[in-house]
Amino acid sequence: MHANEMLVRNFRKAQGIVPVIKQIDTLAAEFPAKTNYLYMTYHGTENDITPETEKSVAVLGSGVYRIGSSVEFDWCGVNAIQTAAKNGYKTIFINYNPETVSTDYDESDRLYFEELSFERVMDIMDFENPTGVILSTGGQIPNNLATRLGDENVPILGTSPESIDMAENRHKFSSIMDELGIDQPRWKELTTIEAIFEFVAEVGYPVLIRPSYVLSGAAMNVVSNDYELKEFLKLAVIVSPDYPIVVSEFVQGAKELELDAVAQNGEIVDFAISEHVEFAGVHSGDATMYYPPQKVYIETAKRIEQIGDKIAKRYNISGPFNIQFLAKDNSLRVIECNLRASRSFPFVSKVSGHNLIEKAAKVLLGVPVERGGFEAMLHLNVVGVKASQFSFTRLAGADPVLSVDMSSTGEVGCIADTAPEALLKSMLSVGYKIPNKNILISGGPITSKVELLEPTRMLVEAGYTIYATKGTHMFLT
């Protein structure tokens, strides 16, 4: 019999096969244990607890720590649960990583050490029947459950599952950006090798390739010529209508900017704009980031807010969201929009002193919230820099060149009175060392060589010996 998950689930429940909730025994059975550490099992006959009768909020955590989802989302989840508790709610947290703060015994009234799968979350919902459920602070895993939980009438707080789907689905998102008159990099979802080469001929190299099904875990790649494209397509096992490949225009020399914001019924109540140090093309989780932005025109910042306003209204956003922008030659293009907290929320919240997740949680709970925005950014008297920590030196054969796939294993946030001081602090904090005597420079394209001219002169005056690759040597000479 071919059956989907819901059919099997409904059949199981109809047969009375349901898991029971047990408390983790922290006293090794010497005394009766009364804890808020809970788990579900079919190996039992009765529940150790009764359903929560007071108004309650369940928050879904971020799961295991791994590249792409780590302590940043745990910080967001913990702040959401603390805000709910302060506002009179009983709190339920679902997560399965003992390394997190969210799984500390004193953070929530009930803590379920359980996997964040649809099946298990629904079992907990059936038992607890919470007043509301917060998905938007746990990263991508809870977000991926939004549509299915919504279909089962789970009381999701904030932005609707339909809106989340319209932002996550590339086709729906792209058509909405066109409808709103918001620029985006050109892209196509293609199903034949011939069509891929035709589109590349139209937009020109480099392009960003995202296959549906690949070997060896290669997810996204930037390719710069026909040879690289052919080699990359060899990795893709199949290119067909069932396994399409998304090809996007890749804008070189563009600055990447991010908007982290909180909206209420489609209106932004507070936001922060941060600026990447590296050119666009480095994953936002790997990029070095300034807050407040240091080299962004006021006009550009205002246009970012205006685009954020349009998107918030169109999706009727309530809660946290993040938009990534490409900026080049005073033009702005939207890369993507996530209707959830992003990994930069803790950073901008701590530097600014305005806790955006606390505000987002208040919006979700219907608690009055203080508005903020440009004023907070303009009057900030410190500069923050977030720098990423990498493990390349510990991994034999690792490629230390950053790309569109995230590879950092941690991050450092530093503040200082000036941008150069904050940047230097952050670089030293993640393990870079100031060289003692010799420096090798490989200048890259002519624009980079020109920008390196004055810093190189300063290094020579400071007593350093400069070595250079052939082209850079000729230019410096």
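Which residues of helix 10 are buried? In this predicted model, the buried residues of helix 10 are Thr 300, Ala 301, Ile 304, Ile 307, Gly 308, Ile 311, Ala 312 and Tyr 315. Viewed down the axis of helix 10, these buried residues fall within an arc of 135°, so they line one face of the helix. An α-helix has 3.6 residues a turn, so residues three or four places apart point the same way.

Helix 10 covers residues 298-315, which makes 18 residues. From its first C-alpha to its last, helix 10 reaches 26 Å, close to the 26 Å expected at 1.5 Å a residue. Asn 316 follows helix 10 and has a positive phi, near 50°.

**Domains**

The chain is divided into four parts: domain 1 (1-157), domain 2 (186-249), domain 3 (256-430) and domain 4 (438-474). The C-alpha centres of domain 3 and domain 4 are 32 Å apart.

Strand 18 (residues 438-441) holds Ile 441. Ile 441 is buried, with a relative accessible area of 10%. Between Ile 441 and Ala 84 there are 53 Å in space, C-alpha to C-alpha, and the two are 357 residues apart in sequence.

Helix 1 (residues 5-14) has Met 6, Arg 9 and Arg 12 among its buried residues. These residues cover an arc of only 125° around the axis, which puts them on the same side of helix 1. Phe 11 and Ala 14, on the other side of helix 1, are exposed.

The model has 20 salt bridges.

| Salt bridge | N to O distance |
|---|---|
| Asp 126 and Lys 13 | 3.1 Å |
| Glu 114 and Arg 120 | 3.6 Å |
| Arg 314 and Glu 179 | 2.7 Å |

What does the salt bridge between Asp 126 and Lys 13 tie together? Asp 126 forms this salt bridge with Lys 13. Asp 126 lies in helix 3 (residues 118-128) and Lys 13 in helix 1, so the pair ties together parts that are 113 residues apart in sequence. Asp 126 is partly exposed, at 41% relative accessibility. Lys 13 is also partly exposed, with a relative accessible area of 36%.

In the salt bridge between Glu 114 and Arg 120, both residues are buried.

Arg 314 is partly exposed, with a relative accessible area of 30%. Salt bridges that share partners also join Arg 9, Arg 12, Lys 13, Glu 114, Glu 119, Arg 120, Asp 123 and Asp 126 into one network.

**A nonpolar patch on the surface**

Leu 424, Leu 428 and Ile 434 form a nonpolar patch on the surface. Together they have about 280 Å² of accessible area. Leu 424 is in helix 14 (residues 419-429), and at 45% relative accessibility Leu 424 counts as partly exposed.

**Backbone features**

Most residues other than glycine have a negative phi, and most peptide bonds are trans. Some places in this chain depart from that.

The peptide bond from Tyr 205 to Pro 206 is cis, with omega near -10°. Pro 206 is in the loop between helix 8 (193-203) and strand 8 (207-211). Another cis peptide bond runs from Tyr 291 to Pro 292, with omega near -5°.

Asn 129 is not a glycine, yet has a positive phi of about 45°. The loop between helix 3 and strand 6 (132-134) holds Asn 129, which is exposed, with a relative accessible area of 61%. Asn 153 also has a positive phi, near 60°. Asn 153 is in the loop between helix 5 (146-151) and helix 6 (161-168), and at 69% relative accessibility Asn 153 counts as exposed.

Note on methods:
Residues are numbered from 1 along each chain as its sequence is written. This is a predicted model: local features need pLDDT of at least 70, side-chain atom pairs count only at pLDDT 80 or more; totals for chains, interfaces and linings use all residues. Side-chain values use heavy atoms; hydrogens and water are left out. Domain bounds come from an automatic or database domain assignment. Helices (H or I, at least four residues) and strands (E, at least two) are DSSP runs, numbered from the N terminus. The expected span of a helix is 1.5 Å times one less than its number of residues. Buried means under 20% relative accessible area, exposed over 50%, partly exposed in between (1.4 Å probe, protein chains only). The arc is that of the directions from the helix axis to the C-beta atoms. Patches are made of residues with over 30% relative accessible area and no salt bridge: like charges are joined within 9 Å, nonpolar side chains (Val, Leu, Ile, Met, Phe, Trp, Tyr) within 5 Å. Accessible areas come from the Shrake-Rupley method with a 1.4 Å probe; for residues, only the protein chains shown count as cover. A salt bridge is a side-chain nitrogen of Lys or Arg within 4 Å of a carboxyl oxygen of Asp or Glu.
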